[in-house]
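Open the model in your viewer and keep the sequence panel beside it. We will go from the overall layout to the core, and then out to the charged pairs.

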Amino acid sequence: MVPWIISRSSRVNVNDLEALGDLEDLEELVLWRCSDLAALPESLGRLGNLRALDLSECSRLSALPASIGSLRALESLQLIFCSSLTTLPRELGELKACEVECVGTVNLVEPPRAVAEEGIAAIARYFDERRA
């Protein structure tokens, strides 16, 4: 299936994405530079075939839905320069095969649960990588 891409749009908000969960065969979702996007709908968790999610430069995105833990096929999550994102849902830790990139997302104040469970060294490394 062709990726669903919305980019450089300041007018996208969570209401525009409510039907997102109906795209069950979607494998790649790019919401790059959607500066007005403050949240994603819980229906995101219904995208069982989603392999890549790019939310880079969604500067108002403050949280990810807990349903993200249902995305078992997710391999890549880009949160580059999501400056309002302060925490990641603990459910994200359930996605063992997912690579999360948070470069420039320096406002994260709480690591994912899976990182926290690894101990203080992992937590320190987590925040050091975000400050780089």
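Start with a cartoon view: the protein has 2 helices and 5 strands, where helices (H or I, at least four residues) and strands (E, at least two) are DSSP runs numbered from the N terminus. Follow the chain from the N terminus and the elements come in the order β-β-β-β-β-α-α. What you are viewing is a predicted model, in which local features need pLDDT of at least 70 and side-chain atom pairs count only at pLDDT 80 or more, while totals for chains, interfaces and linings use all residues. Residues are numbered from 1 along each chain as its sequence is written, and side-chain values use heavy atoms, with hydrogens and water left out.

**Surface and interior**

Of its 132 residues, 42% count as buried. Buried means under 20% relative accessible area, exposed means over 50%, and partly exposed lies in between (1.4 Å probe, protein chains only).

Hide the surface and select Leu55, Leu64 and Leu77. Within the largest nonpolar core, which has 29 residues, these three touch the most other members. Such a core is a set of buried Ala, Val, Leu, Ile, Met, Phe, Trp, Tyr and Cys residues joined through side-chain atoms within 4.5 Å.

Stay on leucine 77 and show its neighbors. Leaving out residues up to four places away in sequence, leucine 77 touches Leu53, Leu55, Leu64, Ile68, Leu92, Cys98, Glu99, Val100 and Glu101; a contact means heavy atoms within 4.5 Å. Across the protein, residues 24 or more positions apart account for 49% of the contacts with a separation of 6 or more.

**The cysteines**

Cys98 from that list is buried, at 12% relative accessible area. Next, select cysteine 34, which is buried at 0%. How far is the sulfur of cysteine 34 from the closest cysteine sulfur? That sulfur belongs to cysteine 58 and is 4.9 Å away, too far for a bond. A disulfide is a pair of cysteine sulfur atoms within 2.5 Å, and the structure holds 0 of them.

**The charged pairs**

- Select arginine 46 and aspartate 22, whose side chains meet in a salt bridge at 3.3 Å, N to O. Arginine 46 sits in the loop between strand 2 (28–32) and strand 3 (52–54), and aspartate 22 in the loop between strand 1 (4–7) and strand 2, 24 residues apart. Arginine 46 is partly exposed at 44%, whereas aspartate 22 is exposed at 55%.
- Select arginine 33 and glutamate 57, a salt bridge at 2.8 Å, N to O. Arginine 33 is in the loop between strand 2 and strand 3, and glutamate 57 in the loop between strand 3 and strand 4 (76–78), so the pair ties together parts 24 residues apart in sequence. Arginine 33 is partly exposed at 32%, and glutamate 57 is partly exposed at 27%.
- Select aspartate 36 and arginine 60, a salt bridge whose closest N and O atoms are 3.9 Å apart. Aspartate 36 lies in the loop between strand 2 and strand 3, and arginine 60 in the loop between strand 3 and strand 4.

Terms used
A salt bridge is a side-chain nitrogen of Lys or Arg within 4 Å of a carboxyl oxygen of Asp or Glu.
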